[in-house]
Amino acid sequence: MLRIEIKNSTKAFQPGSLIQGKVYWEQPNTPKEIVATLFWHTEGKGDEDTEIVVEQRWTPNSEKGSESFEWEVPRGPISKVGSLIHIYWAIEVATTKPAETAKLDLVVSHLGRPIHTNSL
C-alpha cells in the first residue's frame, strides 16, 4: 500500500506556494527505493508533453513507514482545460522491489481551479 497525504488536505495550489505532505507505505517486503515526483503533463491534440519538476528519493529500512516532503510550486504552467489541450499536475509515488505506484492529482492556479478556455 502506498498513500500520499497533503497537509490541510488541499489539492489546489497557487504558483510559488508550498506543497507539504507525507508519503506512507506498507509493503510485504522493504522496498528497495521510493521515488516521489511532482510533474505536469498535457493531453489533447498534437504531441503530449510531460515534465518532472521535482523528484525526491528515499531508501527505506522497513516494510512500513513514512517520509515527509516540502516542495515549492513552480510559476507554471497553470492548470488548464481547453478545447485543444489540457494541462494537468500530479504527484506520483513509486516503489521498486516490490513495484507499486500511487498518484494524486493537483491544480496549480491563482484561482484554485483550472483555467477554462476555448483557445487552448
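So, E55 and R57: their side chains meet in a salt bridge, at 3.2 Å from N to O. By salt bridge I mean a side-chain nitrogen of Lys or Arg within 4 Å of a carboxyl oxygen of Asp or Glu. Before I go on, this is a predicted model, where local features need pLDDT of at least 70 and side-chain atom pairs count only at pLDDT 80 or more, while totals for chains, interfaces and linings use all residues. Residues are numbered from 1 along each chain as its sequence is written, and side-chain values use heavy atoms, with hydrogens and water left out.

Okay, back to that pair. E55 is partly exposed at 42% relative accessibility, and R57 is partly exposed too, at 46%. The cut-offs there: buried is under 20% relative accessible area, exposed is over 50%, and partly exposed is in between, with a 1.4 Å probe and protein chains only. Those areas come from the Shrake-Rupley method, and for residues only the protein chains shown count as cover. E55 and R57 also belong to a network of salt bridges that takes in E33.

How many salt bridges does the structure hold? Four. One of them joins E5 and R3, at 2.9 Å from N to O. E5 comes out partly exposed at 36%, and R3 is partly exposed at 36% as well. Then there's D105 with K103, where the closest N and O atoms are 3.7 Å apart. K103 is partly exposed, with a relative accessible area of 48%. In general, side chains of opposite charge can pair when their charged atoms come close.

On the surface, E43, D47, E48, D49 and E51 gather in a patch of negative charge. Bookkeeping for that: patches are made of residues with over 30% relative accessible area and no salt bridge, with like charges joined within 9 Å, and nonpolar side chains (Val, Leu, Ile, Met, Phe, Trp, Tyr) within 5 Å. Lys and Arg count as positive and Asp and Glu as negative, with His and the chain ends not counted. The place of a charge is NZ of Lys, CZ of Arg, CG of Asp or CD of Glu.

E43 is in strand β4, residues 33–44, and is partly exposed at 34%. E51 is in strand β5, residues 50–58, and is partly exposed at 41%.

What about aromatics? A search of the whole structure finds one aromatic pair. That's F69 and W71, stacked, with 4.4 Å centre to centre and 25 degrees between the planes. Rings of Phe, Tyr and Trp (its six-membered ring) pair if their centres lie within 6.5 Å; planes under 30 degrees apart are stacked, over 60 edge-to-face, and the rest tilted. Buried or exposed, F69? Buried, at 4%, and W71 is buried at 5%.

Last, the overall picture. The chain has ten strands and zero helices; these are DSSP runs numbered from the N terminus, helices being H or I with at least four residues and strands E with at least two. The C-alpha atoms fill a box of roughly 50 × 30 × 20 Å along the principal axes. And of the 120 residues, 37% count as buried.

Note on methods
Areas by Shrake-Rupley, 256 points an atom, 1.4 Å probe, with all protein chains shown as cover.
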